[in-house]
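Please open the structure in your viewer and keep the selection panel handy. We will go from one selection to the next and look at what turns up at each stop.

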Amino acid sequence: MSTPLRRLYVSASAITANVERLRELAPARDTMVVVKANGYGHGAELSARAALAGGATWIGVADIDEALFLRTAGIDAPILAWLHAVDDDFGSAVRASVAIGVSTLNQLERVAAVGGASVHLKVDTGLGRNGMGRSGLAEFIERAVDAHHRGDLRIDGLMSHVSGASREADLGQAERFVHAQELLAAHGVTPTHLHLAASAAALDHPSLRFTMVRFGVAAFGLAPTPEHSDLGLTPAMRFEASVINIKRLQPGDGVSYNLRWVASTETTVALVSAGYADGVPRAATGRAQVEIRGKRYPVVGTIAMDQFVVDVGDDVVTEGDAVGLWGDPQGGTPSVADWAEWADTITYDIATGIGSRVARFEQS
Ligand SMILES: Cc1ncc(COP(=O)(O)O)c(C=O)c1O
């Protein structure tokens with residue numbers, strides 16, 4: 001079999017070890033691992049299985065379809081889905097025992113109409129995104145409680161999500177979260193699951209862990225912010241391509257679209273078989289580096305759709321050499337965080353951007 005031009009190696013054991021480590025660093029009664037967006041690019045099923053092996057007790061996804069995919073794959077752990085279309089089929093979620101995060105009155109009505117749903121009420125405590133906002137909260141809770149007491153649904157959880165803007169902002173959101181909890185309690189409802197914190201908040205603020213923390217990016221060994229880069233986690237993803245053409249350039253020879261890079265001395269350049277269609281961020285043009293034979297080299301010229309060029313100077317490289325784009329920096333390869341910095345974005349954006357034609361391999 002020929003070597004695929006672009007290869008993603010995913011380590012299930014790294015995810016398992018990361019979840020074990022995170023449970024030590026941020027203990028809570030329950031640990032949810034979030035595997036939305038194809039497990040942050042790592043593969044949803046692989047990620048869910050690895051997370052459960054590491055002690056996760058819940059799996060989180062955005063879409064009901066993502067949850068149903070996991071059920072079909074045989075994942076029978078508790079799953080929560082919290083982002084819905086106006087006409088999403090809640091019946092399919094209930095039949096598959098998928099808990100539903102409910103953010104709007106419309107969702108509440110439609111979920112109640114199905115009957116038998118396990119619901120986590122999602123309240124917006126200040127992030128200003130999904131979840132019931134402050135102005136509608138009292139009515140939302142009253143209607144949810146009515147449906148709960150009628151037996152049309154079960155309020156099993158209360159959830160929110162913080163902004164990470166500052167410590168004060170996150171703690172302020174926690175106060176509003178507790179207020180929502182008190183409103184429910186005043187109506188005689190005490191949800192089993194109370195959850196507010198994702199990776200950064202769970203690690204930074206013990207008081208925000210409530211009964212469950214939700215780890216996404218950190219479970220994959222990636223830092224939620226540059227301040228979280230030293231947690232003893234292992235990156236679970238390694239992205240490789242190959243050297244497929246080698247040229248000796250003379251001073252004045254240019255490289256790639258718009259000839260943004262021109263050789264100033266005689267040098268050797270190597271063409272690499274991955275581009276922005278595969279998730280190599282074009283915005284990292286002019287800053288990125290890759291690893292070949294254990295050594296770092298600069299990417300030169302504009303990153304194109306399928307390929308980019310590396311200046312290897314006078315070093316010897318061979319067609320077919322593996323090129324490490326990102327992975328575990330301990331092996332000399334740049335990290336996902338390096339690429340995030342070069343592309344002026346965040347680790348999440350790099351990991352979830354892997355294109356569909358990249359061949360995937362599971363490592364133990
Ligand atoms: C509601 C919710 N919880 C948890 C997460 C996981 O966040 P992180 O990857 O920062 O841990 C996300 C991801 O955006 C989310 O939307």
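Two notes before you click: residues are numbered from 1 along each chain as its sequence is written. The model is predicted, so local features need pLDDT of at least 70 and side-chain atom pairs count only at pLDDT 80 or more, whereas totals for chains, interfaces and linings use all residues.

**Stop 1: the two domains**

Colour 11–220 as domain 1 and 237–363 as domain 2; these bounds come from an automatic or database domain assignment. Their centres, taken over C-alpha atoms, are separated by 37 Å. Where they touch, domain 1 gives 10 residues and domain 2 gives nine residues, with contact defined as C-beta atoms, placed from the backbone, within 7 Å. On the domain 1 side of this contact you will find six nonpolar, four polar and no charged residues. Here Ala, Val, Leu, Ile, Met, Phe, Trp, Tyr, Cys and Pro count as nonpolar, Asp, Glu, Lys and Arg as charged, and the others, Gly among them, as polar.

**Stop 2: H1 and H3**

Next, select helix H1 (residues 12–25) and helix H3 (residues 44–53). Helices (H or I, at least four residues) and strands (E, at least two) are DSSP runs, numbered from the N terminus. H1 and H3 pack at about 40°, and their axes are 7 Å apart. Axes are lines fitted to C-alpha atoms, for helices over the stretch in contact, and angles run from 0 to 180 degrees between N-to-C directions. That angle makes H1 oblique to H3; under 35 degrees counts as roughly parallel, over 145 as roughly antiparallel, 65 to 115 as roughly perpendicular and the rest as oblique. Show Ala12, Ile15, Thr16 and Val19 of H1 together with Leu46, Ser47, Arg49, Ala50, Ala51 and Ala53 of H3 to see the contact. It has seven nonpolar, two polar and one charged residues.

**Stop 3**

Now pick helix H7 (residues 137–150) and helix H8 (residues 167–186), which pack at about 40° with axes 10 Å apart. H7 and H8 are therefore oblique to each other. Leu137, Ala138, Ile141 and Val145 in H7 meet Ala180, Leu183 and Leu184 in H8, a contact of seven nonpolar, no polar and no charged residues.

Look for Leu105, Leu108 and Ala112 in H6 against Phe140, Arg143, Ala144 and Ala147 in H7.

**Stop 4: the ligand**

Which residues surround the ligand? Select Val34, Trp82, His161, Ala198, Ser199, Ala200, Arg214, Phe215, Gly216, Val217, Ala218 and Pro224. By class, the shell has eight nonpolar, three polar and one charged residues.

Definitions and conventions: Contact = placed C-beta atoms within 7 Å. Near = placed C-beta within 6 Å.
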